[in-house]
Amino acid sequence: MSTEVSTPAGRVLARPAAGPLRRLVAGLAGRLVAATPLTWLVLFFAVPLGYVVVFSFAYATFGRVTLGFTLENYQEALSGFYVTIFARTVRFAVQGTVLVMLIAMPVAYFAARKAGRFKTFLLLLLMVPFWTSFLIRVLAWKTLLEVGGPVEDVLNGLHLHSGQLGWIDSPTAVFIGVVYAYLPMAVIPLFVAFERIPAPMLEASKDLGASRWRTLWHVTLPQARPGIGAAVLLVMIPMSGELVVPALLGGDRGVLYGSLIQGQFIQSANQALGSAMAMVLLVVVALAIAVSSGVGRLLARREARA
Amino acid sequence: MTNPDRQPRERLDDLLARRPVTRGGFLAGAGLGLAAFLAACGGDSSSGGSAGSSSTAAGPPTTGPAEPFWSQGGELNIYSWPDYFKPEHLKYWEKKTGGKIRVSSYENNEAMFAKLNSAAGAQYDLALPTTGWVPIMAELGIIQELDQSRIPFQHLDPELLGQEFDPSNKYSIPKTFGTSCIVYREELTGPIETWDDYIAVLQKNPGKVSIPEGGKGLLAVGMAHLGYKRNSTNIKEFEEAADYLIKEVAPKAAKFGGTFDTDDIRSGKVIAMTTDSSVARKMLIEDGELSFGLLKPESEIWVDNYVIPKGAKNVEQAYSFLSYLLQPDVQVEETNFHGYASAVVDIADKVDKSFKHPEVVFPTKEQFEYLVPTTVDQEIEGKIQELGEKVKASAA
């Protein structure tokens with residue numbers, strides 16, 4: 001491989017002893033290393049995606065797909081009911097993301113800049129829940145929020161609430177569930193972003209007489225923008241496909257797009273329509289990413305000019 | 001158990017007499033007990049037809065091997081509803097054959113169908129679809145024809161054999177049957193006898209009454225109110241039912257589904273819920289204050305059936321397992337264990353005297369009058385599912 005000789009380290013490796021054979025072996029090994037993740041991606045990402053694309057244009061009968069070319073599935077996926085649910089899902093994802101960000105930003109900021117020697121420990125605490133299955137954690141919330149459950153007891157005990165707690169099987173429980181589930185996804189990129197802001201910049205801002213809020217608004221947040229963007233995408237995208245939390249904590253009231261897609265594959269046994277709906281979601285998400293990264297670049301350029 | 005109301009043979013003959021016969025000529029040929037009762041099972045579209053009409057009118061065999069036979073070693077992969085076999089029976093078969101049993105479970109027919117309909121289906125040797133799913137799976141070539149000479153038919157309740165969807169049991173053997181019922185706290189709701197009573201309780205107590213999870217089970221609540229049959233083939237009626245549910249019922253429902261959420265009624269979160277006969281029995285055993293109901297004008301009865309998937313690799317083991325499990329004493333023990341009525345003759349009289357709440361598991365003659373199996377009509381099933389989703393979506 002050419003990198004071997006193009007870097008100084010490579011030149012050291014390519015001593016006279018390393019003949020063409022040895023270089024060939026090293027090259028093959030390098031290719032093998034690169035090929036492994038590529039194979040994995042092709043097998044488990046590109047191939048299934050290919051199926052979805054092909055199926056989305058196919059004809060469907062109950063439990064069977066006949067290959068062909070039709071736009072009927074897309075027509076249906078973009079009609080009345082499905083579009084309404086799509087819009088609701090986007091609203092749900094936006095609301096959920098705003099909630100997650102409102103909590104994640106102060107948490108990440110504190111962990112990154114104020115926690116001192118506990119920094120690593122706090123980060124570790126954030127990761128701990130990932131050691132347990134996602135389903136079990138959501139089911140734990142079901143127990144906590146249940147009528148007669150611990151949360152109800154505590155709220156009643158503190159006189160913040162009286163009587164039965166009607167959160168379970170309602171949107172309140174769903175939002176609690178998604179905020180809990182996606183919080184670490186947002187905190188980690190934000191943590192990195194906040195941690196990397198050089199302290200002298202904040203000190204300079206203070207020295208020049210800026211208030212704390214002004215420093216936050218004009219120095220900290222712009223510096224953390226890439227982290228904020230990453231956090232928003234990491235939370236909002238999987239949330240638009242969410243189906244477990246509403247089913248377990250929301251009593252299945254108010255269907256979201258993710259469960260509609262799942263329903264097409266399972267209950268309705270209509271893989272073609274399910275595939276078309278999955279494609280619609282995929283394309284919209286891809287567009288959203290493109291637009292947001294475009295906006296990010298635009299803002300960065302404007303700032304550079306200013 | 002001497003309650004005359006619970007004589008299975010009597011009540012099943014009775015069923016035969018009263019069901020509207022949707023496919024008269026054919027049924028007259030098949031002319032078999034529950035067949036008429038399950039008439040609607042293949043009564044719509046082409047689904048039941050091809051599985052049924054291709055077979056002769058000979059009906060299922062009445063004999064089979066007298067003793068269980070034991071395969072040698074190997075393994076047996078069962079795809080089943082959860083907790084559906086007594087563990088001791090599985091262990092006994094393993095001991096006798098030296099084989100290994102692996103059980104994977106599913107929670108609804110749709111998921112089972114999707115799995116068996118995919119490449120992953122080949123890993124199973126036995127599955128347990130509910131009534132209406134058998135003809136579809138036969139038609140799509142997902143399950144194989146059984147070698148009937150290896151099944152001890154003489155032990156099975158003849159009334160449960162030869163149903164219209166599989167008139168000579170070419171593809172399926174009945175395992176157990178049960179009902180979709182309700183459990184409620186009568187002191188808070190008053191008596192509940194019909195779906196209209198149930199809806200009235202729900203409307204009077206918003207957020208305190210659950211309704212079925214989705215699909216036909218959910219729409220059936222509206223169908224009952226409007227006076228339509230739950231197995232109607234007219235999608236317009238289902239649309240009306242969905243409209244009604246969206247306007248009058250869904251906004252006040254506590255939740256959709258939750259058949260197994262027995263905590264809900266214990267904690268007082270709900271005062272009435274839809275569930276399944278075995279779960280209902282467990283709840284009644286735990287809490288004597290609860291009441292059980294099979295609602296008029298129609299409630300669901302289901303029969304789960306053994307089938308062997310097309311690509312099964314351990315067919316020998318599957319037949320061996322069936323020849324053992326279908327022995328009457330084993331079947332009765334199974335019922336004592338899981339609380340569903342096994343497809344063995346006079347099961348209601350054979351279960352332990354200590355079997356609690358038999359009234360939940362073995363419906364009376366009078367109740368059998370209005371019990372209906374759920375059919376799957378390929379033509380409109382997708383649409384029905386979509387309507388169910390619309391009802392759920394409206395309750396946000």
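Hi everyone. Let me open with a term: a residue is buried under 20% relative accessible area, exposed over 50%, and partly exposed in between. Lys390(B) has 26% relative accessibility, so Lys390(B) counts as partly exposed. Please keep in mind that this is a predicted model.

Let's stay with that lysine for a moment. Which residue does Lys390(B) form a salt bridge with? The partner is Glu386(B), and the closest N and O atoms are 3.5 Å apart. Both residues belong to helix H19 of chain B, where 4 residues, about one turn of the helix, separate them.

Glu386(B) has another salt bridge to show you, with Lys383(B), where the closest N and O atoms are 3.7 Å apart. These two are also about one helical turn from each other, because they sit 3 residues apart in helix H19, which covers residues 378-394 of chain B. And is Glu386(B) buried or exposed? With a relative accessible area of 10%, Glu386(B) is buried, whereas Lys383(B), at 32%, is partly exposed.

Why do such pairs form at all? Well, side chains of opposite charge can pair when their charged atoms come close.

Now over to the sheet in chain B. It is an open sheet of 3 strands in the order E2-E1-E3, with parallel pairing. Strands E2 (100-105) and E3 (126-127) are at the edges with a single partner strand each, so one side of each has no neighbour in the sheet. Strand E1, residues 75-80 of chain B, pairs with E3(B) over 2 bridges in the parallel sense. If you'd like a spot to look at there, Tyr79(B) stands opposite Ala127(B) in E3(B).

Two helices lie across these strands. Helix H5 of chain B, residues 87-97, lies across E1 and E2 and runs at about 150 degrees to E2(B). Helix H14, residues 315-325 of chain B, lies across E1, E2 and E3, at about 70 degrees to E1(B).

Last stop, the wider count. There are 18 salt bridges over all chains. A network of them links Lys142(A) and Asp169(A) with Lys255(B), Asp261(B), Asp264(B) and Lys269(B).

Methods. Residues numbered from 1 in each chain as written. Chains lettered and ligands numbered in written order. Predicted model: local features only at pLDDT ≥ 70, side-chain atom pairs only at ≥ 80, totals over all residues. Heavy atoms only, no water. Pairing = 2+ DSSP bridges. Contact = heavy atoms within 4.5 Å. Axes fitted to C-alpha atoms, helices over the stretch in contact; angles between N-to-C directions. Salt bridge = Lys/Arg side-chain N within 4 Å of Asp/Glu carboxyl O. Buried < 20%, exposed > 50% of the residue type's maximum accessible area, 1.4 Å probe, protein only.
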